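Have the viewer open beside you and check the spots as you read.

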Amino acid sequence: MRVRAATAVLAGVVALALTGTEAGAASRAKPPAPRTERVSTTSAGAQLDGSSHQGVLSDDGRYAAFTTKAVEFGCHRNVYTCLQVKDRATGEVTAVPGADGFSWAPPVISGDGRHVGFTAGTKVPVPEVYDRVSGTSRRVLPESDAEAWVGELWSVSRDGGHVAYGAGTRPRPTQRLYVRDMARGTDDLISGEADGDKEFASVSADGTRVAYQLRTAGEDSADVLVRNRATGETVQVDKGLGRGRLVQLGENGRQVVFVADGGTYVHDLRTGRTRHLAAAHAVSASRDGRYAVIGAAEGDTLTLLDLRTGRSAPVGPGDAVPGAVTARGREVAFTSGASDLVPDDTNGDSDIFVRHTR
């Protein structure tokens, strides 16, 4: 009796284990299907009356920032655009105070989603960083003669501790490149006006390295350089490849994704090696430097490329800006005027969408 009972129990356990294994295998065999959702909505999820552009995401994708002319937010009364942040977990959409004005540069968001960087102003561009927790904004410009400075904000580190921005005087607002230590309030001059105007920058997670795009007077017209703030060493990563354009410095400060005449490349600062990744040009990359969004001709589909394996996945028709890719490449934000990406898209305007790649 005891033997038969024990055997019956054991058989039940084995059957249950097998059933659980089969269920687990089935669930693993059916990963979430790629899908697209619209992010530029009201807090209630309704579509917006007015165009939206320049969508960026926090590392986990929970927070999305975008510029818009939406009537629902009162942005249509502005001459230019206003900046909104959406908590995709709750659906709540809030305005970034003081961010009304011409979009001199796309907004940026820290990896944790707490800090939103932007360039405010209409005629006079001013770089600022908004802290969503405290509800306050800080102007980011050199303290010496700050009233005479203008500039553009380009990059915020993962925790918001460091900011890379351009500064200068009108009509050249990006003559200099600085990295601001937000906790100490100190500014480190990376490149002065004698080097040429700067066009973009990207800072590592710890603020030690900063990559930047420098406008030059030579045949190449633009170079991509990386400055090690700890050693003072500056390295050009696009030598011999033609006109360079910076896409992203990896948060560990090791990889630099950039484009040149031959397409998209990644440079490893530790080994000094440069790899050619694609003939098309990247327009955005993940903060970890592993995934890049490859652009295409107008109307064609953007593609997410895994820089390690070479695998690619379609994103959607439209445009993307730096900061549009989450960690591990799970989601990509992009702007599109297509009306068939989600149901009931009838506003006739460009919207911000997020593509879930897996």
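1. **What we have.** First, a caution: this is a predicted model. The protein has 27 strands and one helix. It runs to 358 residues, and 51% of them count as buried. If you take the contacts with a separation of 6 or more, 40% are between residues 24 or more positions apart.

2. **The largest cavity.** The largest cavity has a volume of about 220 Å³. Its lining is made up of 21 residues, and those nearest the centre are Ile 109, Gln 248, Arg 287, Pro 322 and Gly 323. Which elements give two or more residues to that lining? They are β2 (52-57), β6 (108-109), β10 (150-156) and β14 (198-203), with β14 giving the largest share at four residues. By class, the lining of the largest cavity splits into 13 nonpolar, six polar and two charged residues.

3. **The largest pocket.** This one has a volume of about 280 Å³. Its lining includes the arginines Arg 273, Arg 275, Arg 290 and Arg 308, along with Asp 268 and Asp 288. Also on the list are Gln 255, Val 266, Thr 271, Gly 289 and Leu 307. By class that gives six charged, three polar and two nonpolar residues.

4. **The second largest pocket.** About 230 Å³ of space lies here. The lining has 14 residues, and the closest to the centre are Pro 106, Trp 154, Glu 199, Phe 200 and Pro 322. At least two lining residues come from each of β10, β14 and β18 (245-249), and β10 has the largest share, with three. The class count for the second largest pocket is 10 nonpolar, one polar and three charged.

5. **Aromatic rings.** There are three aromatic pairs in the model. In one of them, Phe 258 with Tyr 265, the ring centres are 5.5 Å apart and the planes meet at 15°, so the pair is stacked. Are these two residues buried or exposed? Phe 258 is buried, at a relative accessible area of 0%, and Tyr 265 also counts as buried, at 10%.

6. **A charge over a ring.** Look at Arg 132 and Tyr 63 together. The charged end of Arg 132 sits over the Tyr 63 ring, 4.0 Å from the ring centre.

7. Arg 35 belongs to strand β1 (residues 35-38). Its relative accessible area is 43%, so Arg 35 is partly exposed. Which residues does Arg 35 contact, once neighbours within four places in sequence are set aside? They are Val 354, Arg 355 and His 356. Arg 35 and Arg 358 are 323 residues apart in sequence, yet their C-alpha atoms are 8.0 Å apart in space.

8. **A cis peptide bond.** Most residues other than glycine have a negative phi, and most peptide bonds are trans. The bond from Arg 170 to Pro 171 is cis, with omega near 5°. Pro 171 has its place in the loop between β11 (162-169) and β12 (172-181).

9. **Two positive phi values.** Gln 54 has a phi near 55°, which is positive in a residue other than glycine. Gln 54 is in strand β2, and at 17% relative accessibility this residue counts as buried. Asp 344 is not a glycine either, and its phi is about 60°. Asp 344 is in the loop between β26 (331-336) and β27 (351-356). At a relative accessible area of 65%, Asp 344 is exposed, whereas Gln 54 is buried.

Technical notes:
Residues numbered from 1 in each chain as written. Predicted model: local features only at pLDDT ≥ 70, side-chain atom pairs only at ≥ 80, totals over all residues. Heavy atoms only, no water. Phe/Tyr/Trp six-rings, centres within 6.5 Å; stacked < 30°, edge-to-face > 60°. Buried < 20%, exposed > 50% of the residue type's maximum accessible area, 1.4 Å probe, protein only. Lys NZ or Arg CZ within 6 Å of the ring centre and 35° of its normal. 1 Å grid on protein atoms, 1.4 Å probe; cavity = no way out; pocket = protein on both sides within 12 Å on 5 of 7 lines; lining within 4 Å. Points joined across faces, edges and corners; volume = space filled by probe spheres on them. Nonpolar A, V, L, I, M, F, W, Y, C, P; charged D, E, K, R; others polar. Contact = heavy atoms within 4.5 Å.
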